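Visitor: Hi, I'm new to this one. Could you walk me through it?
Guide: Happy to. Let's bring it up and start wherever you like.

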Amino acid sequence: MANDPEYHYNNWMKHKEILVFKNSDQLVEFAIRKWNAVAGDAIEHRGLFTAALSGGSSPVTLYKELSETDLKWDRTHIFLVDERYVPFDHNDSNYRMINDMLLSNINIPQQNIHPVPTQKGSSDEAAISYERNMSSFFHLSSDGIPVFDLILLGVGEDGHTASLFPGSPALTVKNRLVVSAIPPDESMHDRVSITFPVINNARNVVFFVTGGNKAGVVKDMLENENSNLPAASVRPSKGKLFFLLDQHAGALLSGS
Ligand code: 6PG
């Protein structure tokens with residue numbers, strides 16, 4: 001097919017499917033097909049589809065294109081992978097970007113949208129509240145971990161993913177679903193983030209990465225088995241792991 005990936009490594013790295021696309025249109029098109037397939041399977045087997053979405057700039061076009069796709073939004077529940085601890089109408093709010101690009105343009109019931117409550121007293125309180133919301137929605141026991149159908153991740157140039165930054169205590173948290181996190185630069189705002197136990201419990205984890213500025217970190221996390229980058233800790237225990245890359249982000253991979 002015209003939008004088939006240029007390079008497709010599905011057995012190159014165990015448990016990872018790495019797809020590099022010639023251009024962003026093909027990357028977005030494939031990501032929407034993947035979303036559609038995962039959502040369709042989830043709704044067929046469990047009656048609903050749960051997704052946790054990242055912020056940042058990479059997925060903006062994807063969310064915009066998704067909003068123009070005829071999907072079963074009434075059976076879809078959207079959570080956030082992470083959030084900056086700012087009001088919903090702040091320019092840096094992940095919820096604001098996802099709402100502007102996607103949620104405000106689709107027929108999704110308000111109760112299916114699960115933003116991080118950044119109107120609390122602190123990012124710690126917001127994390128505790130979000131964790132309670134998540135536990136209640138997924139009907140979890142006290143030590144239960146949700147199984148998202150899809151978690152969409154980006155990666156920073158420093159190898160962070162979600163708001164799990166290099167050297168952060170949040171990297172080793174095992175007994176929480178959601179934590180507050182302090183980024184390396186205070187201009188990035190205090191953060192609220194899901195933890196690796198949640199990410200690695202998902203049925204499908206998709207890294208969506210664009211731009212030549214990510215080529216180095218992509219090569220490190222995919223080809224350096226000893227990578228200590230936070231994003232390299234994403235190893236779903238039972239789920240599938242996909243790397244959807246544009247040709248710039250995948251430019252340094254050995255097979256490219
Ligand atoms: C955030 C994101 C974060 C993002 C990476 C990549 O709140 O910023 O959730 O984890 O995915 O920083 O961001 P870009 O897509 O802007 O490069």
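Visitor: Which side chain of opposite charge is nearest to Lys214, and how far away is it?
Guide: This is a predicted model, so that goes for everything we look at here. In it, the nearest side chain of opposite charge to Lys214 is Glu157, 6.2 Å away. Lys214 is buried and has no salt bridge.

Visitor: Where does Lys214 lie?
Guide: In the loop between strand S10 (204–209) and helix H6 (215–223).

Visitor: And what is Lys214 in contact with?
Guide: Leaving aside neighbours within four places in sequence, the contacts of Lys214 are Ser58, Val155, Gly156, Glu157, Val209 and Ala249.

Visitor: Okay, new topic. Which residues touch the most other members of the largest nonpolar core?
Guide: Trp35, Phe207 and Leu245 do, in a core of 81 residues. Helix H1 (residues 24–46) gives the largest share of this core, with 10 residues.

Visitor: What is Leu245 in contact with?
Guide: Setting aside neighbours within four places in sequence, its contacts include Ile18, Val20, Phe21, Val209, Val218 and Leu253.

Visitor: Let's switch to sheets. What is the order of strands in the open sheet of 3 strands?
Guide: The order is S5-S9-S8, with antiparallel pairing. Strand S5 (82–84) and strand S8 (178–181) are the edge strands, each pairing on one side only. From one strand to the next, the twist averages 15°.

Visitor: How many bridges join S5 and S9?
Guide: S5 pairs with strand S9 (residues 191–194) over 3 bridges. As one example, Glu83 has Val192 in S9 as its bridge partner.

Visitor: Which helix lies across S8 and S9?
Guide: Helix H4 (residues 123–137) does, running at about 165° to S8.

Visitor: Is Ala162 buried or exposed?
Guide: Buried, with a relative accessible area of 8%. Ala162 sits in the loop between strand S7 (150–153) and S8, and its phi is near 50°, a positive value in a residue other than glycine.

Visitor: Last one: how far apart are Gly255 and Val20?
Guide: They are 235 residues apart in sequence and 10 Å apart in space, C-alpha to C-alpha. Gly255 counts as partly exposed, at 37% relative accessibility.

Definitions and conventions
Residues are numbered from 1 along each chain as its sequence is written. This is a predicted model: local features need pLDDT of at least 70, side-chain atom pairs count only at pLDDT 80 or more; totals for chains, interfaces and linings use all residues. Side-chain values use heavy atoms; hydrogens and water are left out. Helices (H or I, at least four residues) and strands (E, at least two) are DSSP runs, numbered from the N terminus. Buried means under 20% relative accessible area, exposed over 50%, partly exposed in between (1.4 Å probe, protein chains only). Lys and Arg count as positive and Asp and Glu as negative; His and the chain ends are not counted. A salt bridge is a side-chain nitrogen of Lys or Arg within 4 Å of a carboxyl oxygen of Asp or Glu. Contact means heavy atoms within 4.5 Å. Two strands pair if DSSP finds at least two bridges between them. Axes are lines fitted to C-alpha atoms, for helices over the stretch in contact, and angles run from 0 to 180 degrees between N-to-C directions. A nonpolar core is a set of buried Ala, Val, Leu, Ile, Met, Phe, Trp, Tyr and Cys residues joined through side-chain atoms within 4.5 Å.
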